[in-house]
Structure formats: C-alpha cells, structure tokens
Amino acid sequence: MNAILACQRTTITKAFSQSRKLVTPLVASRLSNVFATKEHNQKQRNCSYQNNIRSLYSTPTDLEEVEVMSEALSYPIKMSEAERYLFDLNGYIIIRNVLTPEEVAAANAVIDKHQAEMIERKEDALRNAVKGTKMYGNGTGRKDLGGVLEWGEDSKIFKSILVHPRLLPLFHGILGKGYRMDHLPFLIAQDKGAEGFALHGGTVDCSTGMYNPELAYTCHNGFIRSALLACSVVLTDHDPGFGGFCVVPGSHKSNFKMPEGMVDGEKYSEFIQQPATKAGDVVLFSEGTVHGALPWTQDTQRRVCLYRFSPATNVYGRSYFTENGKWPEKMYEGLTDAQRAVLEPPYANRLDRPEIGDDAEAVSVSTRNERKKQHDREMFGTKYF
Ligand SMILES: O=C(O)CCC(=O)C(=O)O
C-alpha cells in the first residue's frame, strides 16, 4: 500500500517537471490527502482509465499529456481538449470503464432484486415506436424501472454517478458549475426482440423542425452548454449489432427536420449508428442530438441506467418539486454534500448555490455580498429575489 502511495507521489513530482501547466502545487498538496483515502479504488480505476485514454487519444503528445494527469490524479480534473472536440463534433461521447466490473456486477445484482417491479410498455399508448417499422421489434415492450436512488444502501453505486470523479470534468465542461439532476433516473431493460425508440430530440426537433430551447446544444466563445444532458450508464455489453441506444452523430447542429421515414429507421438508416459499448461505460449525449433505440437482438437482457442533468438555471422535469418541495425524500439518504448539491432546484449560482470542487468532494457556495442580500430582505421580506 505504501509502495503505491510512494509511487503515486513520485509521479506527482515527475508530473511537475514535465507539465506545470497541468498540475499546480495547490492541486498537488490536495492530492496527497486524497490518495490516503482513495488509493484502492483509484488503483483499480487507473488501470481502466489508462486503457480508455489509449483508445481515445491518437497523437503521442496528447497521450503523454493525459497520462501525466491520470498518473498523478487518477482522474483528470478538466474535460480534455480531445473530449471537448469529440463531444462538439458528434453531440455525444463514450467514457470507457467508469464503473469497475465489481461495481457493474453489484449494480446488476441490485436490479435483479427489483426485476419484478419493472413495468413493460405493453399498451399501444405506451409504445415508443410505430408498429411495423424497424424500431418496433417483435411486439415485446421495453421495461422501465424507477426508484434507483431510493433503495438505501443498494442505491450507493447509482448515487455515485451524480458526482463520479471520472464524469465530473465532463459535467462541468458541458453543463457548468452548479449543474443539477433534472429527471428521475431510471433503468431501461430490453429483452430479446423488445421495442426500441423512434428517433427523437434535436436542438432543432427532428420531427417538427421547431427549435427546442429546453434540449438545445450550444457552443459560444469556446463554451459548450447542453440544456439537457443524458447520461446513460451501460450495465450490459452492447456489441455491434446488439441493438439498444442509437444516435445520429452531429445532429445536435442540424437545422432542419428529418426527411420522411428517417425517425422510424425506415430511410437513411446508414446515418443512424449504434455505438458499441461495454458494461461500465457511460454514454453522455446532448438531448439536442437526435437519438433513439433499436430493438434488442440478444438473449441476455439489455440494461442501462439513464440520468438527465442540466446547467444550474435550466429545467425540463418537475420531480425536483414534489409535495414537500423536494425530490422524493428517500433519495436524500446517505448522500455526500457534493451529491446533495446536484439535487438542488434550478437557480443561478450567485444566489448561494453549492458548487462542487474539482476533487468531487468539496462543496463551496457562490454568493453575493451581505449588504446586497440585506437589501433584498428589506425590500421583499424574503431571503432571495
Ligand atoms: O434506450 C435508450 O438507450 C434510449 C432511450 C431514450 O432515448 C429515452 O428513453 O428517451
């Protein structure tokens, strides 16, 4: 154990001399503390992360740069230029090995316990694809399972996604500080032949051609923002041809509705891709990118857990505001401060919004000066305007 720590600390020193730009002394001093508590998990994930970046980065310079960061911190603290490029290019990105094989097995064991609570979309009114089209399958409905953050200890892995250190730089890069969970996350399951989902979404809606501000992808002055970001945690392998999630790469920047027949996969299907993923990967896609699902072709059940996140001031769903003015009460059990920050309702950062630090643990509050706050209280009689 000490050997691992010593090796990691040596690497920090090496990282300093190789790239000051990437690892500051402040970060380095924080790192020594972080290592003390996280060394085991991080060693395991380092391995996956190293494999991941090898497949993502093509130039030796990029690879060298990212390896320096990953050796020192285990996770990068900023969305890399390559990740930013790929997300902006395609409207989605695959982050490999976010969950370890052990975590995937544990998450699936929890889902197995709740298998009987899955609800199949059998009725016509619940169908997501038109009968007789390529997306419809053999008549079996997709199965949905809610409550993934409400199972006490069993929700631990599902809660970890809210502020996962591998995902945090991307959440910050795509949604900004103060990002928030927008929808109730849920498990999607497809048995063999089960229905997919006709193409939907789009910054310009693929079916109507109307602008969709609540889903929109934008990039201004180098700042990416996705009004609604889907985060699909892959719990079973999706090899080429298996079916499941599909996407029209680049469609987040499209300006027109789709030609007739394309949303059902009947026409132009060569532009609809099913990304190959392995259990433990995470697909982040803008809801401004046209996407859907293909019928499942395998004997084993398809499983993904789907979350949706938004920037601090964007909102689509309304479950954050149930009877008690919060998300369902059970979701708050055992959360870290950082995870709780992601459950905040929508409001601007400067109005005392908790922001998560780059270490995925520290939380600090963005605020205005006391005199201005007092002024509002005197004027409105309430804490916030
Ligand atoms: O099955 C999938 O991965 C996509 C599902 C989807 O797009 C949705 O439920 O809105």
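## Basis of the description

Helices (H or I, at least four residues) and strands (E, at least two) are DSSP runs, numbered from the N terminus. Residues are numbered from 1 along each chain as its sequence is written. The model is predicted, and for that reason local features need pLDDT of at least 70 and side-chain atom pairs count only at pLDDT 80 or more, while totals for chains, interfaces and linings use all residues.

The secondary structure of the chain comes to 9 helices and 15 strands. Of its 385 residues, 38% count as buried, a residue being buried if 20 or more other C-beta atoms lie within 10 Å of its own, exposed if 12 or fewer, and partly exposed in between, with C-beta atoms placed from the backbone. Among contacts between residues at least 6 apart in sequence, 79% join residues at least 24 apart; two residues are in contact if their C-beta atoms, placed from the backbone, lie within 7 Å.

## Surroundings of the ligand

The residues around the ligand are Ile188, Phe197, Ser232, Gly244, Phe245, His291, Gly292, Ala293 and Val304, where a residue is near a molecule if its C-beta atom, placed from the backbone, lies within 6 Å of it. Strand E10 (244–247) and strand E12 (291–294) each supply at least two residues of this shell, and the largest share, 3 residues, comes from E12.

By type, the shell divides into 5 nonpolar, 4 polar and no charged residues, with Ala, Val, Leu, Ile, Met, Phe, Trp, Tyr, Cys and Pro counted as nonpolar, Asp, Glu, Lys and Arg as charged, and the others, Gly among them, as polar.

## Strand E12 and its partners

Both faces of E12 are covered, with His291 and Ala293 buried on one side and Gly292 and Leu294 buried on the other. E10 runs antiparallel to E12 and is joined to E12 by 4 bridges, two strands being paired if DSSP finds at least two bridges between them; in this pairing Phe245 stands opposite Ala293. Strand E6 (residues 197–200) also pairs with E12 in the antiparallel sense, over 2 bridges, and His200 stands opposite His291.

In helix H4 (residues 81–90), the buried residues are Glu83, Phe87 and Asn90. They cover an arc of only 85° around the axis, which puts them on the same side of H4; the arc is that of the directions from the helix axis to the C-beta atoms. Glu81 and Tyr85, on the other side of H4, are exposed. The buried residues pack against strand E1 (92–95), H7 and strand E8 (223–226), and just after the helix Gly91 takes a positive phi of about 85°.

Helix H7 (residues 168–175) has Leu168, Leu170, Phe171, Ile174 and Leu175 buried. Seen down the axis of H7, these residues fall within an arc of 160°, so they line one face of the helix. Just after H7, Gly176 takes a positive phi of about 90°.

Leaving aside neighbours within four places in sequence, Cys231 is in contact with Ile161, Val282, Leu284, Tyr307 and Phe309.

Trp327 is found in the loop between strand E13 (302–310) and helix H8 (337–342), and is partly exposed, with 19 other C-beta atoms within 10 Å. Not counting residues up to four places away in sequence, Trp327 touches Ser319, Tyr320, Thr322 and Leu343.
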